[in-house]
Amino acid sequence: MRLDKLLGQAGFGSRNHVKKLIRSLQVRVDGQLARSDSLNVAPNLQTITVSGQKLSHSPDTYYILNKPSGVVSAVRDTQHQTVIDLIAPSDRKEGLYPVGRLDRDTEGLVLITNNGPLGFRLLHPKHHVDKTYYVEVNDQLFSDAPAFFDKGIAFLEGRVCKPAKLQIISSSSELSRAYITISEGKFHQVKKMFLAYGVKVTYLKRISFGPFALGDLPVGAYRELTEQEKEGLKRYLV
Ligand code: URA
């Protein structure tokens, strides 16, 4: 962002006033005098001072939301409620977006932030960010199922999934329950994997995403990341 724009937004007055501040050598970036109003600066990475006073940079916002079924993982939608609509207006900071997508009928953990590069990096295949889902299906999961998921399921269109970890909780011919952990995010991936095994997903809920866990957050509620959780994000930002 340009230095003059940043100072304007931070309340240092009109563009002209900001230019005067810079030209009268009152602005420093990381200790160096700023000599140009068009200088590109990054307030989250650099220390900017005006007349010796540090500019306070508003930190990025991070929420974990428990998405209800029926809500779409989008910023806006003409037909359905979005995950951003569930954020109270006073918490709806500029630029918030959901990192990745859950199907409309899937419940569970969605990370919402206004840190643009973070989403790209968390979803990048290189990081192999694990996602764990609680799943209910309409038929039996036999003892061969974990090995079937672990060998990398191939979809009809030819795409092969990375090995997934299946942990069966219970199994019967009407309802089976399991946890599944995947490290990618192909379209309808979990539903398609279970279909490849021969059963249909009747309920899907994401319970963890990388270092974040849904815990007992009620459906439709959200919370800010803890300082410790934010610390854990740093490795995705380098
Ligand atoms: N896999 C699916 O099939 N749906 C989701 O919403 C997430 C993962």
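Visitor: What makes a residue part of the lining of the second largest pocket, and which residues lie nearest its centre?

Guide: On a 1 Å grid over the protein atoms alone, a pocket is an open set of points with protein on both sides within 12 Å along at least five of seven lines, in contrast to a cavity, where a 1.4 Å probe fits but cannot get out; a lining residue has an atom within 4 Å of a point. The second largest pocket has 21 such residues, and those nearest its centre are Arg101, Leu102, Gly185, Lys186 and His188. Two or more lining residues come from each of strand E8 (131–137), helix H5 (189–197) and E11, with H5 giving the largest share, three residues. The names H and E refer to DSSP runs numbered from the N terminus, namely helices (H or I, at least four residues) and strands (at least two). The volume is about 420 Å³, meaning the space filled by probe spheres set on the points, which are joined across faces, edges and corners.

Visitor: How far may these values be trusted to rest on the atoms?

Guide: This is a predicted model, in which local features need pLDDT of at least 70 and side-chain atom pairs count only at pLDDT 80 or more, while totals for chains, interfaces and linings use all residues. Residues are numbered from 1 along each chain as its sequence is written, and side-chain values use heavy atoms, with hydrogens and water left out.

Visitor: Why is glycine 119 called buried?

Guide: Buried means under 20% relative accessible area, exposed over 50%, and partly exposed in between, for a 1.4 Å probe and protein chains only; glycine 119 has 4%, and is therefore buried. Glycine 119 lies in helix H3, whose buried residues are Leu118, Gly119 and Leu122. These residues cover an arc of only 100° around the axis, so they are on the same side of H3, where the arc is that of the directions from the helix axis to the C-beta atoms. They pack against E5, E6, strand E7 (107–113), strand E11 (201–209) and helix H6 (227–233). Beyond neighbours within four places in sequence, glycine 119 is in contact (heavy atoms within 4.5 Å) with Tyr97 and Val99.

Visitor: What makes asparagine 115 a cap of H3?

Guide: A side-chain oxygen of asparagine 115 lies 3.2 Å from the backbone nitrogen of leucine 118, at the N-terminal end of H3. A polar contact is a pair of N or O atoms within 3.5 Å; within protein, one must be able to donate a hydrogen and the other to accept it, and residues adjacent in sequence count only if both atoms are side-chain atoms.

Visitor: Are threonine 106 and leucine 25 classed as buried, partly exposed or exposed, and why?

Guide: Threonine 106, in the loop between E6 and E7, has 1% relative accessibility and so counts as buried. Threonine 106 touches Lys67, Pro68, Ser69, Lys191, Leu204 and Lys205, not counting residues up to four places away in sequence. Leucine 25, in the loop between helix H2 (15–23) and strand E1 (27–29), has 40% and therefore counts as partly exposed. Its phi is near 60°, a positive value in a residue other than glycine.
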